[in-house]
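Reader: Could you take me through how to read the features of a structure like this one, giving the general idea before each case?

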Amino acid sequence: VTENRSDLEDLHLYATPREQRFRRFASLEFEGQLYMTPYDFIQAVTNDEPKRAKKWRSLSKQELNQILMETPPVWKGSSKLFRNLNEKGVISYTEYLFLLCILTKPHAGFRIAFNMFDTDGNEMVDKKEFLVLQEIFRKKNEKRERKGDEEKRAMLRLQLYGYHTSTNSVLKTEGEELVPRSYWDTLRRSTSQALFSDLAERADDISSSLSDTTLLVHFFGKKGKAELNFEDFYRFMDNLQTEVLEIEFLSYSNGMNTISEEDFAHILLRYTNVENTSSYLENMRCRIPEEKGITFDEFRSFFQFLNNLEDFAIAMQMYNFASRSIGQDEFKRAVYVATGVKLSPHLVNTVFKIFDVDRDDQLSYKEFIGIMKDRLNRGFR
């Protein structure tokens, strides 16, 4: 154990909410840097709190090498990868942010993400290009750091990034704060500023000073010489989204092929700012007295739709429904036009019965979009 509980809580004061969550769920430490296991990551995105009080376990170099030796190559990936690896893997803080981004990306966005990594345009991503992500995410984080004791913040950066960071930023803008909406926006902005050459040089330094991780070995091989093509990248992202959804679905299905409409509502309202969820649940119970159940295919299609929420919102505005409520047919049609996802009539009806609080069989567009944005980002808007 590298730190006692009071030290942990002390550093928590200097951490952002995402950093706090990572530190709370991480269970491993190697050379001063904290890591999640694949099991920790799954817990962090499917549970409010860790199942057990975390004490960071120090890994030896030999133990880390053994874990990396057993990491499968990317072509052996599946929608059970994280569950199969369980505790036999290490995920860094920047990789945690990257994986969170994946969970909220529509399939159409996978190509954009890949192209942003592929800085030389050869349709392949190598380890050096991927490590630029570390530097960009770190630089974005520096803009958000909470002010205070410099020594404590340096300790926090060491825990999260594995090295002491300087305040000299290669992403520095002239008299301007770098505050885009998301980490993908940061990556996109960095690309447009043609700063990848500087960042790539920095990536060489990072690569030589940081340890390999499960993701790096999975993507680029044990020697780090393999390259990642788009098909493998796409499959990894799709598998991760499916795996998290399967875990959430199975936690309610009890081995059955469906979950109840009420369970679906519970999952949907988690991580949102809805204070009185009981009113939504009671509303649905009264209006769907006979349980039909939600299948996994229906469940997955709804969350694929959520990952396209911005396109759906634009489509709704084009339909001129932005300022008034909408019916089930308009909703279903807008979902399909904007996202290509076909939602079943029963699923649409269930969603309406959850959110149609005044029971006029119309959905408040703005209220629905606001609540779903919270859910999409799992409470970290």
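This is a predicted model: local features need pLDDT of at least 70, side-chain atom pairs count only at pLDDT 80 or more; totals for chains, interfaces and linings use all residues.

Reader: Which loop holds Asn86, and what is its phi?

Author: Asn86 belongs to the loop between helix H5 (81-85) and H6, and its phi is near 55°, again a positive value in a residue other than glycine. With a relative accessible area of 35%, Asn86 is partly exposed.

Reader: How much of the protein is buried, and how many helices and strands are there?

Author: Buried residues account for 56% of the 381 residues in the protein, and the secondary structure comes to 20 helices and seven strands.

Reader: Which residues have the most contacts inside the largest nonpolar core?

Author: A nonpolar core is a set of buried Ala, Val, Leu, Ile, Met, Phe, Trp, Tyr and Cys residues joined through side-chain atoms within 4.5 Å. Here the largest such core has 52 residues, and those with the most contacts inside it are Phe41, Phe98, Leu99 and Phe236. Helix H6 (residues 93-103) gives the most to this core, contributing nine residues. Apart from it lies another core, of 43 residues, with Leu281, Phe302, Ala313 and Phe352 among them.

Reader: How many residues of H6 are buried, and what is Phe41 in contact with?

Author: In H6, 11 of the 11 residues are buried, so this helix is largely enclosed by the rest of the structure; the buried residues include Glu95 and Thr94 as well as Phe98 and Leu99. Contact means heavy atoms within 4.5 Å, and, leaving aside neighbours within four places in sequence, Phe41 is in contact with Met36, Phe82, Ile91, Tyr96, Leu99, Leu100, Leu103 and Leu240.

Reader: What share of the contacts joins residues at least 24 apart in sequence, and where is Glu123 found?

Author: Among contacts between residues at least 6 apart in sequence, 76% join residues at least 24 apart. Glu123 is found in the loop between helix H7 (108-117) and strand E4 (124-125), and at 43% relative accessibility Glu123 counts as partly exposed. Glu123 and Glu227 are 104 residues apart in sequence, yet their C-alpha atoms are 9.7 Å apart in space. Once neighbours within four places in sequence are left aside, the contacts of Glu123 are Arg111, Phe114, Asp118, Leu228, Asn229 and Phe230.

Reader: At what angle do H14 and H16 pack?

Author: Two packed helices are described by the angle between their axes and the distance between the axes. Axes are lines fitted to C-alpha atoms, for helices over the stretch in contact, and angles run from 0 to 180 degrees between N-to-C directions. Helix H14 (residues 261-269) and helix H16 (residues 296-306) pack at about 25°, with their axes 12 Å apart. Angles under 35 degrees count as roughly parallel, over 145 as roughly antiparallel, 65 to 115 as roughly perpendicular and the rest as oblique; H14 and H16 are therefore roughly parallel to each other. The contact is made by Phe264, Ile267 and Leu268 of H14 and by Phe299, Phe302 and Phe303 of H16.

Reader: How far apart are the axes of H17 and H18?

Author: Helix H17 (residues 309-318) and helix H18 (residues 328-339) have axes 9 Å apart and pack at an angle of about 120°, which makes H17 oblique to H18. Where they meet, Asp311, Phe312, Ala315 and Met316 in H17 face Phe331, Ala334, Val335 and Ala338 in H18 as contacts.

How values were computed
Residues are numbered from 1 along each chain as its sequence is written. Side-chain values use heavy atoms; hydrogens and water are left out. Buried means under 20% relative accessible area, exposed over 50%, partly exposed in between (1.4 Å probe, protein chains only). Helices (H or I, at least four residues) and strands (E, at least two) are DSSP runs, numbered from the N terminus.
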